[in-house]
Amino acid sequence: MPREPVYLTTPLFYVNAEPHLGHTYVTLVADVLGRFWRARNRPVFVLTGTDEHGDKIAQAAAAAGVSPREHADRVSGIFRSTWDAAGLRYDHFIRTTDSYHVAFVQKVLADIHAKGDIYFGGYRGLYCFGCERFYQERELVDGLCPDHRVAPTELAEENYFFRMSAYQERLVATLEANPALIVPEGYRREVLSLLREPIGDLCISRPKSRLAWGIELPFDSRYVTYVWFDALLNYVSALVHLGRMELWPAAEHLIGKDILKAHAVFWPTMLMAAGLPLYRRLCVHGHWQMQQGKMSKSLGNVVRPLDMKARYGMDAFRYYLLREMAFGQDAEFSEEALVARLNGDLANGLGNLASRVLAMQQRYFGGVVQPLAPEAADHALRAAFAAAARELDAHIADLAFHRGLEAVWRALDHANKYVVETAPFTLAKDPVRLPRVGAILHELCEALRTAAQLLAPFLPETAERLAGLLGLPATRLGELDLPWGAAFAPGHRTLAPEALFPRVEVSAA
Ligand code: ME8
């Protein structure tokens, strides 16, 4: 049977800011899931890119004294080069200014218009320029936009509207029938509660007199398309462009909770109107908070991924982000906590185990791996790693990255205790016991090999280095079904130890 594909998407990032911690987190999750499923032989496709039209971008370009196009080219390039430098993998990078995307948006607009689901009407409403949307009175907090804390401007305009309300009932029925459509569950409930009120129709045009930086409506050149109606279509336009529409119903959208409504209400109703099936799953993550509250340029607390890479190494940064945040919930970012994880879990837990095992292998056997001879304690060690592998699979299917890593660390802790309990360094003093020492070290080499395989999607550089130190080619990391004992043929040599994670002094943080 052909393996079911996995199509992962990140939000398309606005080009009004450079890549920060939040953008990095969601792109990292896509990278990890991509590596995880690829290693399990599922065809994977990862899409990311930039959202380049609309008021926000026009204003950012004006502030920088350049044209919106020049501004978008520059910042989009920074996103792309940052992901490349950070080792975050994607299969395609889409820009909403790409001509194929523009043509696709216009085609969908023309189709939905022809079908009668887009109509022209007068509108008077309260508009927030920051959010680029109209607000209803009851949505305001003390008369202010709840996000931007500014009074919305009253605008009277004639515009085009998408008949979103016509799909409300179908959307509710779909959400009720598919409990796993939006995860974690709390976000599905949030959407269902929002849908208890009439959702109304969606204003999908902006007059050019007010905003020219957008995709022109195919049926009225006086207007451009509302940026969300444009951007959401990227998830399909890229596939049409690449001839990969077989991936469509396999879509798993990774998004932050800030853009839940657009993805859980606008997007599914747009798909219904366009006659396309729904995505497979909407995966919603929480926000990183800083100790001072929000991350912002003015507070000077913006966390840049490449600064973190330079200071701690990309793998340590990746580990911290995945281990610290429960997917779906908010988490607080702190460099002290990152350093604590680096020194504790990584340097002490994993790094130390690797150095001890490799050092003993070198000292007692010149690196040559000795035959296995299982005893009771060895079976327990194997069982610990088998359990970690099973638990990891279950947790990743639920997007519980922190629990998956915890499961691997339970097995590593077991291995560290096994070293203490079997005491090969003591046994080695007695030449008669040397075969047992060899067997213990072989078990531990297998433990390290398994750890490298399980951790490869999360800590790709470390996994490769560890495989290299064990004398194994990186391709072995993909052989998840390799039985215990099969990795090291007679005469196989491991290398001299190297520190996988240099400890960081706390004062340096
Ligand atoms: O909303 N913590 O783009 P955007 C965690 N262009 N994640 C965060 C975060 C934080 N503090 N801040 C941002 C847009 N993010 C639209 C999307 S999709 C068709 C269009 C992440 O540049 C999070 O994933 O504002 C959030 O949803 C996304 O960045 C928003 O990026």
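A polar contact is a pair of N or O atoms within 3.5 Å; within protein, one must be able to donate a hydrogen and the other to accept it, and residues adjacent in sequence count only if both atoms are side-chain atoms. This is a predicted model, in which local features need pLDDT of at least 70 and side-chain atom pairs count only at pLDDT 80 or more, while totals for chains, interfaces and linings use all residues. Residues are numbered from 1 along each chain as its sequence is written, and side-chain values use heavy atoms, with hydrogens and water left out.

Select the ligand and His-285. An oxygen atom of the ligand lies 2.8 Å from an N or O atom in the His-285 side chain. Taken alone, the ligand exposes 670 Å², and the protein buries 91% of that (Shrake-Rupley method, 1.4 Å probe; for residues, only the protein chains shown count as cover).

The ligand is surrounded by 21 residues, and the closest are Leu-12, Tyr-14, Asp-51, His-285 and Trp-288. Which element gives the largest share of this shell? H1 does, with 3 residues (helices are DSSP runs of H or I, at least four residues, and strands are runs of E, at least two, numbered from the N terminus).

Move to helix H17, residues 460-469. Pro-460, Thr-462, Ala-463, Leu-466, Ala-467 and Leu-469 are buried there (under 20% relative accessible area, with exposed over 50% and partly exposed in between; 1.4 Å probe, protein chains only). These buried residues pack against H1, helix H11 (314-324), helix H12 (335-365) and helix H16 (434-455). Just after H17, Gly-471 has a positive phi of about 80°.

Now colour by domain: domain 1 covers 6-285 and domain 2 covers 334-478, with bounds from an automatic or database domain assignment. Their centres, taken over C-alpha atoms, are 43 Å apart. The contact (heavy atoms within 4.5 Å) takes 11 residues from domain 1 and 11 residues from domain 2.

Finally, zoom out. The protein chain has 17 helices and 16 strands, and its C-alpha trace spans about 95 × 55 × 40 Å along its principal axes. Of its 509 residues, 54% are buried.

Definitions and conventions: A residue is near a molecule or strand if one of its heavy atoms lies within 4 Å of it.
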